[in-house]
Amino acid sequence: MSDIDFSAILPFVVLLCGSLTVLLVGTFFGKERTFSRVCLSSAYCVLAWLTSLEYVYGNHTALGGFLRVDSFSFVLFGVILLGSAMTLLLSQGTFRDQRLDASVDFDVLMLLATAGAMVMVASQHLIITFLGIELLSVAVYALCAGARNEKASAESAMKYFILGAFSSAFLLYGILLIYASTASMQLQDIALAVSSSSPKDILLIGIGLVIFGFGFKVSLIPFHFWTPDVYQGAPTTVSGYMAVVVKVAAFGAFLRLMSTAFGNISGAWTDLFWTLSVITMVLGNLMALRQESLKRMLAYSSIAHAGYVLMGFLVMDASGGGEAAVFYLLAYSLMTLIAFGVALHATAGSENQYDNDKIEALRDLGWSNPLLALVMTVSMLSLAGIPPLVGFVGKFYLISAVIKGGYIGLAIIAVLSSLISLYYYLRVVVVMYFLPGTEGKSVVRLDGNELLLSHRVVLAIAALGTIYFGLFSSSYIEYARMAVKSLT
Amino acid sequence: MFSNIIHSGFDLSLMMFLPLVGIVCLFVLRPNQRQWAWFIATLFAGATFAKSLVLLLAFDPTAKGMQFAEKISWIPAFGINYSLGIDGISIWLVVLTTFLTLVVVFASQTVTEKLRAYLTCLLLLETGMLGALLAMDGILFYIFWELMLVPMYFLIGIWGGKRRVYAALKFVLFTASGSLLMLVAIVYLANMCAQQLGQVSFAINDWVSLEFSHREELLLFSAFLFAFAIKVPIFPLHTWLPDAHVEAPTGGSVILAGVLLKFGIYGLMRFGVPIFPEAVIVFSPVLAWLGVVGIIFGALMAWVQTDMKKLVAYSSVSHLGFCVLGFAAMNKQGFEGAILQMINHGISTAALFLVVGVLYERKHTRLIADYGGLAAKMPAFATVFLIFTLSSIGLPLTNGFIGEFLLLYAGFSYNSVLGTFAVSGVILGAMYMLSLYRRVVFGPFDLKRNGDIADLSTNERLVFAPLIVLVFLLGLYPKPFLERIAVSSAQALYYLEQQPALELYRSGEIAFLSDSSYPAANEDTLLP
């Protein structure tokens with residue numbers, strides 16, 4: 001416990017300093033979130049990412065082995081920080097009339113939550129993982145309630161809080177049982193204890209409870225009930241943050257836990273993961289089919305995508321499922337950020353954003369704002385897995401891993417469920433391009449000028465990334481491979 | 001089939017990406033005037049067509065294997081290469097694609113709304129189609145195969161008729177459902193490469209040397225067949241086609257019928273025959289029967305239509321049934337006839353859709369009953385229509401005849417019962433096409449409704465002229481066309497002749513095989 005490698009915790013320190021600075025700036029210079037102020041907060045994310053560059057190849061353990069920053073951390077830090085920076089930029093000026101927007105609290109909470117997400121990904125100790133989850137979750141509970149004069153926002157925060165606490169309880173109880181049977185909470189020690197003796201029932205129950213706990217966080221079916229309500233009720237930027245950063249962090253921590261600590265007994269939960277991923281993919285997509293609200297549709301779509309990622313967990317070992325899952329997380333983040341970024345504009349125009357988050361609100365967007373519609377189209381096609389966009393490469397990667405692992409049936413179910421998803425993703429395109437705009441109705445009509453610079457930057461980067469990583473995925477595939485290799 | 005690589009360079013890539021450069025120009029130059037947008041698009045479609053003609057002239061009709069091949073490692077982690085090539089099976093389809101795209105782009109002046117977006121879709125579609133025809137790598141093929149769907153979806157959905165949303169979604173969901181299963185099969189094949197050849201590979205010529213168990217081969221081929229059968233479309237999977245055709249704008253219908261439908265047969269020849277020869281033989285009786293059902297069903301459905309476009313759409317089902325029959329007959333005439341007939345159908349049906357488009361633009365109705373007696377008012381139109389009607393029913397001296405003749409010959413030598421049924425398709429074809437012509441062009445002229453109808457404009461004449469030339473060129477002198485098909489189709493056939501099953505199959509002893517081992521195709525001995 002003696003060594004404290006400060007270079008290893010630098011990214012966390014940067015984010016914490018960042019949140020303090022932003023708070024101070026807000027205190028002395030007023031709480032208005034201008035473009036430069038938002039840039040300041042997101043600059044901290046970039047800075048944190050830059051300080052993590054040294055983990056690309058090297059491993060650092062910090063705080064007595066509680067945190068381990070390796071290439072896995074580096075890659076997922078990249079995704080998390082990208083997601084946070086973009087959320088910060090997107091949140092500028094999106095809910096002007098509400099108090100949260102005028103205050104820097106949003107940035108502070110966002111930076112703290114991001115630090116929590118990074119802790120989760122880098123943690124080598126179950127209690128640290130739990131602390132990371134709580135740091136992230138508590139900040140997000142507050143963020144959900146951000147639109148204070150909206151009932152739905154408060155309801156969303158309440159739901160997320162209660163169910164989040166519920167899942168934390170599962171997780172803690174699972175950790176307890178694991179500790180009871182292996183006498184350790186350090187992942188490496190657990191791995192040692194697990195491989196030296198045949199797994200006891202109590203351990204398996206513990207793992208099961210942990211899976212349930214993470215199942216809530218990444219919203220696998222049947223632990224998904226909170227997701228649509230919370231995503232719909234929360235301010236759209238926060239929903240985007242939950243769909244991207246929270247999910248990536250939870251999957252990252254989950255992947256590290258499963259492969260580092262329990263890699264040796266990965267056969268034990270095959271059936272469970274198979275079942276969870278199938279019902280999550282199929283039901284998630286089926287339920288998304290009939291949604292009228294864009295945000296609910298995206299919520300169900302994010303559920304379905306969690307099912308795809310889980311396929312990677314099933315074939316973690318030799319077939320490269322872990323890499324595929326890591327790659328998919330990047331792909332998913334880019335496309336989902338765009339989707340929520342555009343959803344923001346679908347909802348921004350009206351008095352009450354919760355009345356008008358219908359997919360129908362995008363009517364005629366293709367002709368009134370062609371670039372925004374084009375970006376949304378790229379995102380929808382990518383989510384549906386149409387080549388040559390990044391979503392296709394991600395799905396392809398997962399499906400090849402699954403086939404390599406011998407689960408042909410699962411691969412077929414996955415492609416069929418993505419056929420279902422094609423229908424509702426294309427519906428957005430239908431609404432944007434094929435249906436004529438209706439006169440007199442409150443259809444959002446944005447001029448190109450109305451898009452804030454920060455939003456344009458985010459959407460442009462994400463859309464170009466979606467295309468670029470679809471065409472030239474090689475380098476990122478290498479990173480994903482390296483990341484997973486560093487886990488063992 | 002793919003081992004002899006002749007002539008390296010980036011000719012194919014250049015041709016394939018020219019339309020994309022055109023799209024970039026359309027956006028960068030922001031042509032505010034319709035004329036300019038039209039001019040830029042025509043320029044690029046024309047350049048692509050010119051490039052394909054240059055390739056056609058440089059194409060060596062006697063050479064085996066792929067010509068103008070290109071290969072660049074693309075995603076090495078998965079063994080995916082950017083590799084292109086062209087052979088006798090694809091060369092004419094490539095030229096047909098670039099030609100019809102040029103025709104459609106040229107004819108797009110009549111599109112009144114959102115012309116720039118329309119042209120963008122057409123050019124993107126062209127890149128997708130060319131890519132799918134040229135790709136020699138399974139994933140590259142799949143990417144372009146899917147890429148074709150997107151612009152066609154927009155073409156139907158934005159510029160289509162009343163039920164365009166339904167038709168566009170139906171089109172995408174039908175075709176995507178087939179291709180997704182194909183994706184699973186493609187990945188499975190690459191994975192088999194890893195086991196049998198030591199490394200993951202998506203190259204088609206690596207797949208050719210794979211060895212399958214009987215069951216594996218049938219299942220994998222079924223996945224491919226399903227995708228291709230939807231595209232053809234083979235009889236029970238055809239239901240998306242009439243909807244898509246009727247709702248699509250004229251340009252979309254022309255490309256759909258002229259090129260997109262050909263990808264089914266093309267895929268069977270490119271993937272099915274060399275990789276799964278045994279399975280192809282096993283499935284061919286089913287295919288032959290379904291082909292004949294398609295011929296007759298399509299023709300009968302065409303006969304009862306009241307909408308001209310729907311009539312032509314169903315006639316496509318019938319014509320492609322001939323191609324399926326020819327493919328399933330598995331002999332020289334069948335293969336060559338199938339490829340030639342794809343070209344013929346591309347020309348005649350595309351032209352017929354343009355003919356219907358001419359009427360629709362003038363009167364905004366496609367119902368046969370709304371016309372009649374046009375011969376007096378529109379003599380040039382009547383002539384053009386007659387030429388394509390005759391070409392569609394395969395009158396000797398027009399292009400339709402040669403292909404149909406070869407296919408019927410193949411059908412008879414394969415199975416005389418099927419051949420007889422197929423011939424009835426020709427007769428039915430004459431009936432529905434001539435009755436269409438009679439009802440539209442002759443008969444009483446409705447002065448009140450059609451009094452102001454004008455004959456073909458200069459532009460329209462320019463659109464039809466090259467098509468008419470081709471109708472007669474192919475009809476009178478098909479040799480240069482067949483010549484370039486012959487070597488590749490012989491090679492494809494050779495894969496099948498390697499199979500002991502083919503003899504049994506031809507002699508009618510087997511329908512479905514029991515488990516048997518068959519010799520893997522040896523690349524050194526490509527031709528007998």
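Which residues lie nearest the centre of the largest cavity? The model is predicted; local features need pLDDT of at least 70 and side-chain atom pairs pLDDT 80 or more, while totals for chains, interfaces and linings use all residues. Residues are numbered from 1 along each chain as written, chains are lettered from A and ligands numbered from 1 in the order written, and side-chain values use heavy atoms, without hydrogens or water.

L126(A), T129(A), F214(A), A253(A) and L257(A) lie nearest that centre, among 14 lining residues. A cavity is a set of points on a 1 Å grid over the protein atoms alone where a 1.4 Å probe fits but cannot get out; lining residues have an atom within 4 Å of a point. The largest cavity has a volume of about 90 Å³, the space filled by probe spheres set on the points. Ten cavities reach 30 Å³ or more. Helix 6 of chain A contributes the most to the lining of the largest cavity, with four residues. Helices are DSSP runs of H or I of at least four residues, and strands are runs of E of at least two.

In chain B, strand 1 (residues 67-75) and strand 2 (residues 80-86) run antiparallel, joined by six bridges. Strands pair if DSSP finds at least two bridges between them. S73(B) has N81(B) as its bridge partner.

Helix 14 (residues 332-363) and helix 16 (residues 379-392) of chain B pack at about 150°, with axes 9 Å apart. Helix 14 of chain B is therefore roughly antiparallel to helix 16 of chain B (angles over 145 degrees).

Notes: 1 Å grid on protein atoms, 1.4 Å probe; cavity = no way out; pocket = protein on both sides within 12 Å on 5 of 7 lines; lining within 4 Å. Axes fitted to C-alpha atoms, helices over the stretch in contact; angles between N-to-C directions. Parallel < 35°, antiparallel > 145°, perpendicular 65-115°, else oblique.
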